[in-house]
Amino acid sequence: MKLLVTGGAGYIGSVCAARLVAAGHEVVVVDDLSTGHADAVPDGCRLVRADLADVADPLLAEGFDGVLHFAAKSLVGESMLDPAKYWHGNVITSLRLLDAMHRNGTPRLVFSSSAAVYGEPSRVPIPESAPTLPTNTYGATKLAIDHAMTSYATAHGLAAVSLRYFNVAGAFGRFGERHTTETHLIPLVLRVALGRRSHVEVFGTDWPTEDGTCIRDYIHVTDLADAHLLAIDHAEPGQHRIFNLGNGTGFSVHQVIDACRRITGHPIPTRLSPRRPGDPATLVAASDRARTHLTWKPDHPHLDPIVHDAWTFMQANTS
Ligand code: UFG
């Protein structure tokens, strides 16, 4: 298929673009390089460096079989301080994309939604039927786009799939996490092991969990990318299908830091800090729907290999 990958110079978009090329698809990447890197675009992909909102219509007029939409603003903390950046950057841009797809007859859309749409869950693991009550602007914008996709699927026959990611980590060869502003736990812990930071802060030790730190469900970026390839194949005209993507096992912040100590051999000093506002205590996915309907089966269900791949990537990309 000929596929447009928005945000294909970013972490998850570049891994997915690489897997799509390897599977024989023709891939065009559109990215404004505001957070992505031109050298992260896989060989064999054409890179269009532009704002998606400006070029979606002329690009799709070329004729595409589908779009994988990764381009987004994705820092939860920033979304609370600068909501306009998120409502415009995520929602308005995605509406432009949906309109351009409709005008040009692009049939399929796979969208990077988020566990953040659920907010503080009333029960875990979280199924797709759980209430969507986002606790931050980032999650609210992802949910708004999900709703728009449902409308466009119903009204215009779009074959739409939203993939709700839990905590993505790991790397795929030369494609990995290279955020200028890093806020995620695993890369921050590994920066301590590399000697680039003195310690890692543990945000809250009084959460209602066994060791008092937050629990998250970590998924390897290649397993996540593979779900996108399956989603493109399983998208049905006129339907908006939603899938949670996680391994179904939760790890506390302390457990993640211990895994990083095991993998790196570094003692990784910690400093106990207050809770980070907006953090839910526990987020673990029920991904049975993806396993059943997409025939998705993660190859990396355990934490240590995920950390290992992130560590290998980080050691090779220390700049
Ligand atoms: N944490 C620390 N210290 C740090 C960084 C993080 O203790 O220096 C903790 C956080 O408080 C949280 C856990 O580690 O409990 C994981 O934090 P991340 O920032 O790595 O990930 P989040 O769970 O906050 O966010 C992820 C995605 C978001 C998405 C969200 C869905 O990065 O895009 O899951 O809940 F919205």
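This is a predicted model: local features need pLDDT of at least 70, side-chain atom pairs count only at pLDDT 80 or more; totals for chains, interfaces and linings use all residues.
Residues are numbered from 1 along each chain as its sequence is written, and local features require a pLDDT of at least 70. Side-chain atom pairs count only at pLDDT 80 or more, whereas totals for chains, interfaces and linings use all residues, and side-chain values use heavy atoms, with hydrogens and water left out.

The protein chain contains ten helices and 14 strands; helices (H or I, at least four residues) and strands (E, at least two) are DSSP runs numbered from the N terminus. Its radius of gyration is 19 Å, close to the 20 Å that the globule rule gives for 319 residues, so the chain is as compact as a globular protein of that length. That radius is taken over C-alpha atoms, and the globule rule is 2.2 Å times the number of residues to the power 0.38. Along the principal axes, the C-alpha atoms of the protein chain fill a box of roughly 55 × 40 × 40 Å. Of the 319 residues, 55% count as buried, where buried means under 20% relative accessible area, exposed over 50%, and partly exposed in between (1.4 Å probe, protein chains only).

The ligand has 20 residues around it, of which His184, Glu201, Arg216, Arg276 and Asp279 come nearest; a residue is near a molecule if one of its heavy atoms lies within 4 Å of it. By class, the shell around the ligand divides into twelve nonpolar, four polar and four charged residues. In this scheme Ala, Val, Leu, Ile, Met, Phe, Trp, Tyr, Cys and Pro are nonpolar, Asp, Glu, Lys and Arg are charged, and the others, Gly among them, are polar.

A ligand oxygen atom is 3.3 Å from a polar backbone atom of Thr183. A ligand nitrogen atom is 2.7 Å from a polar backbone atom of Glu201, and an oxygen atom of the ligand is 2.9 Å from one of Phe203. Taken alone, the ligand exposes 680 Å², and the protein buries 91% of that; accessible areas come from the Shrake-Rupley method with a 1.4 Å probe. The elements that give two or more residues to the shell are α6 (185-193) and β8 (200-203). The largest share, three residues, comes from β8.

Helix α7 (residues 221-234) has 14 residues and reaches 20 Å from its first C-alpha to its last, close to the 20 Å expected at 1.5 Å a residue; the expected span is 1.5 Å times one less than the number of residues. This helix is mostly covered, with ten of its 14 residues buried, including Val221, Leu224, His228 and Ile232.

In helix α5 (residues 137-156) lies Thr137, which counts as buried at 15% relative accessibility. A polar atom of the Thr137 side chain lies 3.3 Å from the backbone oxygen of Ser79.

Some backbone geometries deserve attention. Most residues other than glycine have a negative phi, and most peptide bonds are trans. The peptide bond from Val124 to Pro125 is cis, with omega near -5°, and Pro125 is found in the loop between β5 (108-114) and α5. Leu33, not a glycine, has a positive phi of about 60°; Leu33 sits in the loop between β2 (26-31) and β3 (46-49) and is buried, with a relative accessible area of 18%. Ile268 has a positive phi of about 45° although it is not a glycine. Ile268 is placed in the loop between α8 (253-264) and β13 (270-273) and counts as buried at 0% relative accessibility.

How values were computed:
A polar contact is a pair of N or O atoms within 3.5 Å; within protein, one must be able to donate a hydrogen and the other to accept it, and residues adjacent in sequence count only if both atoms are side-chain atoms.
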